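Here is a briefing on one protein chain. Please look over the sequence and the structure before reading on.

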Amino acid sequence: MASARYTLNIKPEDLKPDEPRQLTKKEKLANWWYYHRLHVAVAAAALAVAVWIAVDLLGRTFPDYQLALVTDQYVPETVVEELQTALVPFCQDLNGDGQVLAEIAAYQLELDESSQVDAYTHMAGFTRLTADLATDTALIFLVDKPMELQASFNVLAAADGSATAEDRPGDAALYAFSDCPALAGLALSEEARDFFDDFYLARRSFAPGEELAEYPAENEALFAALTQGAAAG
């Protein structure tokens, strides 16, 4: 029990606890920021990513066709863009966006022992090509070493569109780029013409019951138009 000399002169108001000091607006803001700054940073980052994705989607032209370019060479962007532009007269606006685009997806792979492709580039190309094959993205292939590609993926079709036997890669129907009248007549620069001179066109083969994910008939028609007048080798 407290001593009488300590309690004798205590007033009732002395027993009231001290009221907490009211923070100023600036102090309240600083206190809130201290406890929520991490949440704000995460939310800001998420918003930035969402805005970036939205801008990318809104500004992107989605392809009507996609062709696969497979090689162990370095692929200059200029020759890809040239060929994409030159193919427009053979294509249609399949997705109705008012623009015609035959997009060429380039995959640089180490196809044989003579290939000068670093491991990182090969892995990136291999991963992308494997993913696109799994999703049935491209019907038309441009390739400069078709037998090596066929030995690794067995993805190129025979003349009737069927898959070739794994031990018979030579059964794939190949159309030399330079032998196709439609391709020979394209308005390409000398650089682009020299690049594609050793390439072949081929069709993607599909397992029974499968087909291209989008616009299969239209892609078949494009392949027929590009190879018309050429003999398969």
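How many residues does H8 have, and how far does it reach from its first C-alpha to its last? H8 has twelve residues and reaches 17 Å, close to the 16 Å expected at 1.5 Å a residue; the expected span is 1.5 Å times one less than the number of residues. This is a predicted model, in which local features need pLDDT of at least 70 and side-chain atom pairs count only at pLDDT 80 or more, while totals for chains, interfaces and linings use all residues. Residues are numbered from 1 along each chain as its sequence is written, and side-chain values use heavy atoms, with hydrogens and water left out.

**Overall layout**

- The chain holds eight helices and five strands. Both are DSSP runs numbered from the N terminus: helices are H or I with at least four residues, strands are E with at least two.
- From the N terminus on, the order is α-α-β-α-β-α-β-α-β-α-α-β-α.
- Of the 233 residues, 34% count as buried. Buried means under 20% relative accessible area, exposed means over 50%, and partly exposed lies in between (1.4 Å probe, protein chains only).
- Contact means heavy atoms within 4.5 Å. Of the contacts with a separation of 6 or more, 70% come from residues 24 or more positions apart.

**Nonpolar cores**

- A nonpolar core is a set of buried Ala, Val, Leu, Ile, Met, Phe, Trp, Tyr and Cys residues joined through side-chain atoms within 4.5 Å.
- The largest one has 34 residues. Leu-69, Phe-177, Phe-196 and Leu-201 have the most contacts inside it.
- Strands S1 (65–71), S2 (102–108) and S3 (140–143) each supply at least two residues of this core, as do helices H3 (77–87), H7 (190–196) and H8 (216–227). H3 gives the most, with five residues.
- Phe-196 touches Leu-69, Val-79, Leu-83, Leu-142 and Phe-177, not counting residues up to four places away in sequence.
- A second, separate core has 17 residues, including Ala-68, Val-70, Leu-133 and Ala-138.

**Helix H8**

- Asn-219, Leu-222, Phe-223, Leu-226 and Thr-227 are buried in H8. They cover an arc of only 120 degrees around the axis, which puts them on the same side of H8. The arc is taken from the directions from the helix axis to the C-beta atoms.
- The cover over these buried residues includes S1, H3, S3, S4 (175–176), H6 (181–184) and S5 (200–203).
- Thr-227 has 7% relative accessibility. A polar atom of its side chain lies 2.8 Å from the backbone oxygen of Phe-223.
- Beyond its neighbours within four places in sequence, Thr-227 is in contact with Tyr-175, Cys-180 and Leu-201.
- Just after H8, Gly-229 takes a positive phi of about 90 degrees.

**Aromatic pairs**

- The whole structure has six aromatic pairs. Rings of Phe, Tyr and Trp (its six-membered ring) pair if their centres lie within 6.5 Å; planes under 30 degrees apart are stacked, over 60 edge-to-face, and the rest tilted.
- Phe-126 and Phe-153 have ring centres 5.6 Å apart and planes at 40 degrees, so the pair is tilted.
- Phe-126 lies in H4 (residues 119–134) and Phe-153 in H5 (residues 146–153), so the pair ties together parts that are 27 residues apart in sequence.
- Phe-126 is partly exposed, at 36% relative accessible area.
- Phe-177, Phe-195, Phe-196 and Phe-199 form one aromatic cluster.

**Gly-125**

- Gly-125 lies in H4 and counts as buried, at 4% relative accessibility.
- Leaving aside neighbours within four places in sequence, Gly-125 is in contact with Tyr-107, Gln-108 and Leu-109.

Terms used:
Polar contact = N/O pair within 3.5 Å; in protein donor to acceptor, adjacent residues only side chain to side chain.
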